[in-house]
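Biologist: I would like to go through this protein with you. Please tie each label to its cut-off.

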Amino acid sequence: MNKSSQVLPAAITIFGAKGDLTRRKLIPALYNLFLGKFLPDNFRIFCVDYIEVEEQVFKADLRSGIDEFSRNGKSSDTEWAAFAQHLFYQSGDFLKAETFTNLKTTIGAFDKSNGTRGRRLFYYAVSPRFIETISEALYKQAIANRDNLDRIVVEKPFGTDLKTARSLNRFLQKRF
């Protein structure tokens with residue numbers, strides 16, 4: 001049994017998936033983890049952004065980011081194909097409940113196909129103005145509600161000063 005088959009499946013969601021942070025940092029880092037076999041065998045990366053784009057075009061853009069920014073250099077066709085089958089794009093407005101209803105359904109289907117609820121990671125690669133909106137939706141729709149399985153990662157800036165940072169921290173602690 002290899003190290004990746006001993007862990008639960010993982011659903012990784014990136015909000016702001018069409019942004020520079022995702023292309024330059026997040027996807028290359030996840031790709032490197034994949035190559036090193038540090039991700040579970042069973043994982044999905046759900047990429048959410050408001051921009052309408054065909055999934056194949058989206059994936060081609062991510063691959064060019066890997067080829068430019070990955071510490072492992074350019075991707076091979078075989079390695080990229082294996083990684084890309086775990087990537088899924090969903091267009092949606094962070095201000096609309098339907099975006100999160102669709103995400104909940106998608107992640108739920110992934111859990112069902114695995115026969116278990118896996119770990120969930122939500123990465124906020126978005127403008128700070130969306131942090132509370134996304135958090136509230138994840139909370140209200142019970143998408144991120146398991147203390148020992150779910151994590152959120154909030155990209156900085158985290159508030160505009162100490163007072164707003166503390167306020168945001170209290171807001172998040174009430175939900176997660």
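Modeller: Residues are numbered from 1 along each chain as its sequence is written, and side-chain values use heavy atoms, with hydrogens and water left out.

Biologist: What is the mean pLDDT of the protein?

Modeller: The mean is 94, and 97% of the residues reach 70 or more. pLDDT is the predictor's confidence in each residue, from 0 to 100.

Biologist: Where does pLDDT stay under 50?

Modeller: Over residues 1-5, for which the model has 10 contacts beyond four places in sequence. Contact means heavy atoms within 4.5 Å. Where pLDDT is low, predicted coordinates should not be read in detail.

Biologist: How many helices and strands does the protein have?

Modeller: Six helices and five strands. Helices (H or I, at least four residues) and strands (E, at least two) are DSSP runs, numbered from the N terminus. The order from the N terminus is β-α-β-α-α-β-α-β-α-β-α.

Biologist: Why is the protein called as compact as a globular protein of its length?

Modeller: Its radius of gyration is 16 Å, and the globule rule gives 16 Å for 176 residues, so the label holds. The radius is taken over C-alpha atoms, and the rule is 2.2 Å times the number of residues to the power 0.38. The C-alpha atoms fill a box of roughly 45 × 35 × 30 Å along the principal axes.

Biologist: What share of contacts joins residues at least 24 apart?

Modeller: 78%, among contacts between residues at least 6 apart in sequence.

Biologist: Why is Arg23 called buried?

Modeller: Its relative accessible area is 18%, so it counts as buried. Buried means under 20%, exposed over 50%, and partly exposed in between (1.4 Å probe, protein chains only). Arg23 sits in helix H1, residues 20-35. Beyond four places in sequence, its contacts include Asp61, Glu68 and Phe69. Arg23 and Asp61 are 38 residues apart along the chain, with 7.5 Å between their C-alpha atoms.

Biologist: What makes Ala137 buried?

Modeller: A relative accessible area of 15% puts Ala137 in the buried class. Ala137 belongs to helix H5, residues 131-140. Its C-alpha is 7.0 Å from that of Ala97, 40 residues away in sequence. Over the protein, buried residues make up 42% of the 176.

Biologist: Is Lys37 buried or exposed?

Modeller: Exposed, because its relative accessible area is 54%. Lys37 is in the loop between H1 and strand E2 (43-49). Its phi is positive, about 60 degrees, although it is not a glycine.

Biologist: Why is Ala142 called partly exposed?

Modeller: Its value is 31%, so Ala142 falls in the partly exposed class. Ala142 lies in the loop between H5 and E5. Its phi is also positive, about 55 degrees, and it is not a glycine.

Biologist: Which residues does a cis peptide bond join?

Modeller: Lys156 and Pro157, with omega at about 10 degrees. Pro157 is in the loop between strand E5 (150-154) and helix H6 (162-175).

Biologist: Why point out such angles?

Modeller: Because most residues other than glycine have a negative phi, and most peptide bonds are trans.

Notes
Predicted model: local features only at pLDDT ≥ 70, side-chain atom pairs only at ≥ 80, totals over all residues.
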